[in-house]
Amino acid sequence: MTIPLSMQVANFGETRDRLKALLGGRKPLSKFLSKSLFLIGLGTGMDLNPDNNPFASLFPPKDNKSQVQRLMELLGTTITTMHGMGARKFGIINVGLIGCTPSVQSSSGHTGDGPCDDDMNRLAAEFNSALRTLLSDLPSKLHHFRYSVADFYGFSNATFMSPPASGFANTNSACCPGLCAPNPYFGQPCSNRVEYWFWDDGYTTEQAAKLAAAAFYSGKRFAMPVNFKRLITMKR
């Protein structure tokens, strides 16, 4: 089950109320939240893929805005709301090479080993560019707002350029394709999963996630304007 972002923010509000009582009031709560890291992962880019968004065809928008513009408005509103609730430090993972996922390749008529969908990757790049603009504008509007953008798009691209350098033998197809389960009627996972980038048709393996997390936390190349480690240690 996918929990909508609005519901996740509402859940944060409930947790915030409990923390306020637990910590002894508004002042210690504000101090606690100002030191916390709020992670927003956009890496799968499901909302950009029409095949993963059936409501778009059932209830078409009545404005002339692009999907990227609508998502930016939603994200900007969400961050502003969370900031009003006390959040100050945001780690945001951008959208990766969604045109290279096995699910998108399949819907484009390619096999798991086929070429990436360039149109979907361009859409992801457009989203990421808009994300950078959005975040660079927020510090002038939100008091003590701090952020780091984890460049999952760039990290994925660098890995795909030379998979063996990162220990991968396969960055095209899924280790566990289709309805993967420990059942003879479904697909079986590959035996060398640490050599695969994709676990299933849309998500990475644990190994890929570990390497990306390390790059975003303490690396200097794929997190901007600072990495997550530096963001966490920043004072108000």
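This is a predicted model: local features need pLDDT of at least 70, side-chain atom pairs count only at pLDDT 80 or more; totals for chains, interfaces and linings use all residues.
Trainee: Fine. Let me try that on some rings: how do I read the pair F155 and F222?

Mentor: Rings of Phe, Tyr and Trp (its six-membered ring) pair if their centres lie within 6.5 Å; planes under 30 degrees apart are stacked, over 60 edge-to-face, and the rest tilted. A search of the whole structure turns up 11 such pairs. Take F152 and W197: the centres are 6.1 Å apart and the planes sit at 20 degrees, so this pair is stacked. It connects distant parts of the chain, with F152 in helix α7 and W197 in strand β5, 45 residues apart. Both count as buried, F152 at 15% relative accessibility and W197 at 2%. Your pair, F155 and F222, is edge-to-face, with 5.5 Å from centre to centre and 85 degrees between the planes. Here F155 comes from helix α7 and F222 from the loop between α8 and β6, 67 residues apart.

Trainee: And are those two buried or exposed?

Mentor: Buried: F155 has a relative accessible area of 9%, and F222 has 10%. Zoom out and you'll find F152, F155, F160, F168, W197, F198, F216 and F222 in one aromatic cluster.

Trainee: F216 is in that cluster. Which other residues of α8 are buried?

Mentor: Start with the element itself. Helices (H or I, at least four residues) and strands (E, at least two) are DSSP runs, numbered from the N terminus. The expected span of a helix is 1.5 Å times one less than its number of residues. Helix α8, residues 206-218, has 13 residues and reaches 18 Å from first C-alpha to last, close to the 18 Å expected. Along with F216, the buried residues are A208, A212 and A215. Down the axis of α8, the buried residues fall within an arc of 95 degrees (taken from the directions from the helix axis to the C-beta atoms), so they line one face. On the other side, E206 and K210 are exposed.

Trainee: What does the buried side of α8 pack against?

Mentor: Contact means heavy atoms within 4.5 Å. The buried residues of α8 pack against β2 (89-93), β3 (146-150), α7 (152-161), β5 (196-198), β6 (223-224) and α9 (228-233).

Trainee: How about the nonpolar core: which residues touch the most other members?

Mentor: A core is a set of buried Ala, Val, Leu, Ile, Met, Phe, Trp, Tyr and Cys residues joined through side-chain atoms within 4.5 Å. The largest one has 33 residues, and I79, F90, F127, L131 and L135 touch the most other members. Elements giving two or more residues to this core are α1 (5-23), α2 (26-35), β1 (37-41), α4 (67-84), β2, α6 and β3. Leaving aside neighbours within four places in sequence, F127 is in contact with L42, L48, V68, L71, M72 and V95. A second, separate core of 16 residues includes C100, F160, W197 and F198.

Trainee: What should I look for in the backbone?

Mentor: Most residues other than glycine have a negative phi, and most peptide bonds are trans. H144, in the loop between α6 (118-137) and β3, has a positive phi near 60 degrees. The peptide bond from M224 to P225 is cis, with omega near -5 degrees, and P225 lies in the loop between β6 and α9.

Key. Residues are numbered from 1 along each chain as its sequence is written. Side-chain values use heavy atoms; hydrogens and water are left out. Buried means under 20% relative accessible area, exposed over 50%, partly exposed in between (1.4 Å probe, protein chains only).
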